[in-house]
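Thanks for making the time this morning. Please have the model open on your screens while I talk.

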Amino acid sequence: MKKNYSIETKCVQGGYTPGNGEPRQIPIIQSTTFKYATSEDMGKLFDLEASGYFYSRLQNPTCDTVAAKICELEGGSAAMLLSSGQAASFFSIFNIATCGDHVISSASIYGGTYNLFAVTMKKMGIEFTFVDPDCTEEELNSAFRENTKAVFGETIANPALTVLDIEKFARAAHAHGVPLIIDNTFATPVNCRPFEHGADIVTHSTTKYMDGHGSAVGGCIVDSGRFDWMAHKEKFPGLCTPDDSYHGITYAERFGKEGAYIYKATAQLMRDFGCSQSPQSAYLLNLGLESLHVRMERHCLNATRVAQFLESHEKIGWVNYPGLKSNKYYELAQKYMPKGTCGVVSFGIKGGRAAAERFMKALKIAAIETHVADARSCCLHPASSTHRQMTDAELSAAGVPSDLVRLSCGIENYNDLIADIAAALEQV
Ligand SMILES: *Cc1c(COP(=O)(O)O)cnc(C)c1O
């Protein structure tokens with residue numbers, strides 16, 4: 001696919017170009033295994049001397065087709081699909097950090113990722129320092145240690161909706177010889193391409209806008225192909241010294257900057273952990289990607305209109321949407337996402353917890369779900385659901401006050417959404 005095609009054309013046509021007489025839609029290769037004429041042929045695949053498929057736990061043609069599309073959308077050099085966004089976050093770090101290593105992460109990230117880092121990966125011996133995303137560059141630089149291996153953040157954090165200054169984080173990471181990994185789930189490559197601002201690796205929960213229809217859980221990792229692992233050889237032995245578990249291959253030598261990271265994550269981590277996406281899910285994901293650019297525009301329009309309405313309503317205490325001029329992150333959002341941010345708006349209803357619950361019960365269009373970033377509007381009151389084990393004080397400290405309602409605006413008509421919200425507010 002031509003590099004200079006616009007993002008819209010890449011959404012529709014990227015990743016797959018059928019030959020004469022071949023299927024127009026991507027084929028679903030529903031096969032765990034692949035046949036070879038000789039053992040020697042298959043041996044070459046195991047030695048990574050020939051490219052091809054042998055077992056769908058590691059790679060599958062349908063999944064690779066869709067990964068190739070996402071790779072084009074992000075402007076990367078290589079990509080892989082995974083079974084979930086959680087698997088993508090885990091692999092993205094574990095591919096370059098191990099027991100005894102240290103990673104810096106923005107404190108404003110998805111709750112599931114926070115748990116993965118602060119609790120589960122800590123048990124594996126990887127220590128995380130969480131920094132305020134709005135910290136100064138000095139503060140950020142002082143968080144680095146001798147054994148720091150990566151920096152992690154979200155373009156737009158779920159659910160706090162903080163916008164990351166990607167360039168600031170990239171400068172600090174590169175000054176210390178480590179890559180910047182960005183979870184670009186909420187912005188999607190339609191609204192922001194972190195590689196253009198210095199990020200080295202991008203992850204996605206494809207479960208959200210990319211799928212967009214609540215049909216398949218999935219994840220993706222894309223490598224920019226720009227981080228020079230060999231220039232920081234001592235920091236990344238997994239990429240720059242022979243892998244005894246893989247015929248003594250040295251990934252950074254064999255596959256270069258462009259391929260080493262994804263090859264290693266596939267040949268080693270996918271082999272051992274098996275968090276692979278099913279070809280059926282990849283097919284559904286591709287259907288979502290074909291309309292991603294059209295949907296994102298509508299999500300952003302609806303969220304902007306809803307946020308403006310909420311801001312003017314007397315029963316609303318506060319509104320958080322980075323597309324609003326009054327928002328703390330408006331300037332950063334304009335810089336990194338001039339076309340729009342995302343469809344998620346959070347706000348507080350006067351009257352706190354009880355008022356929020358009453359309001360949500362009265363909504364007719366937005367359904368109460370833990371999900372976000374769906375074509376259908378949905379909403380969540382974290383204090384009484386996902387974060388219910390926390391006290392009001394703990395909730396405030398975590399940036400999720402007890403009155404917070406998270407509304408994920410779908411692609412319905414915004415007048416209908418606003419009328420529904422107005423009617424529900426009457427009940428409060
Ligand atoms: C949902 C989400 C994840 C986790 O993805 P799953 O597909 O649910 O495993 C990671 N990051 C962000 C920003 C998310 O919104």
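Predicted model: local features only at pLDDT ≥ 70, side-chain atom pairs only at ≥ 80, totals over all residues.

Residues are numbered from 1 along each chain as its sequence is written, and side-chain values use heavy atoms, with hydrogens and water left out.

Let me begin with the open space. On a 1 Å grid over the protein atoms alone, a pocket is an open set of points with protein on both sides within 12 Å along at least five of seven lines, a cavity is a set where a 1.4 Å probe fits but cannot get out, and lining residues have an atom within 4 Å of a point. Grid points are joined across faces, edges and corners, and a volume is the space filled by probe spheres set on the points. The largest pocket has a volume of about 770 Å³, and of the 32 residues that line it, Ile-109, Tyr-110, Gly-111, Pro-159 and His-387 lie nearest its centre. Helix H5 (residues 111-123) contributes the largest share of that lining, four residues; helices here are DSSP runs (H or I, at least four residues) and strands likewise (E, at least two), numbered from the N terminus. By class, the lining has 15 nonpolar, twelve polar and five charged residues, where Ala, Val, Leu, Ile, Met, Phe, Trp, Tyr, Cys and Pro count as nonpolar, Asp, Glu, Lys and Arg as charged, and the others, Gly among them, as polar.

What joins Asn-158 and Pro-159? A cis peptide bond does, with omega about 5°, and Pro-159 sits in the loop between strand S4 (148-154) and helix H7 (166-175). Leu-161 lies in the loop between S4 and H7 too, and its phi is positive, near 60°. Most residues other than glycine have a negative phi, and most peptide bonds are trans.

Finally, the aromatic pairs, meaning rings of Phe, Tyr and Trp (its six-membered ring) with centres within 6.5 Å, and with planes under 30 degrees apart called stacked, over 60 edge-to-face and the rest tilted. The count is 18. Phe-34 and Tyr-53 form a tilted pair, 5.7 Å centre to centre with 40° between the planes. Phe-34 lies in the loop between helix H1 (7-13) and helix H2 (39-46), and Tyr-53 in the loop between H2 and helix H3 (61-74), so this pair ties together parts 19 residues apart in sequence.
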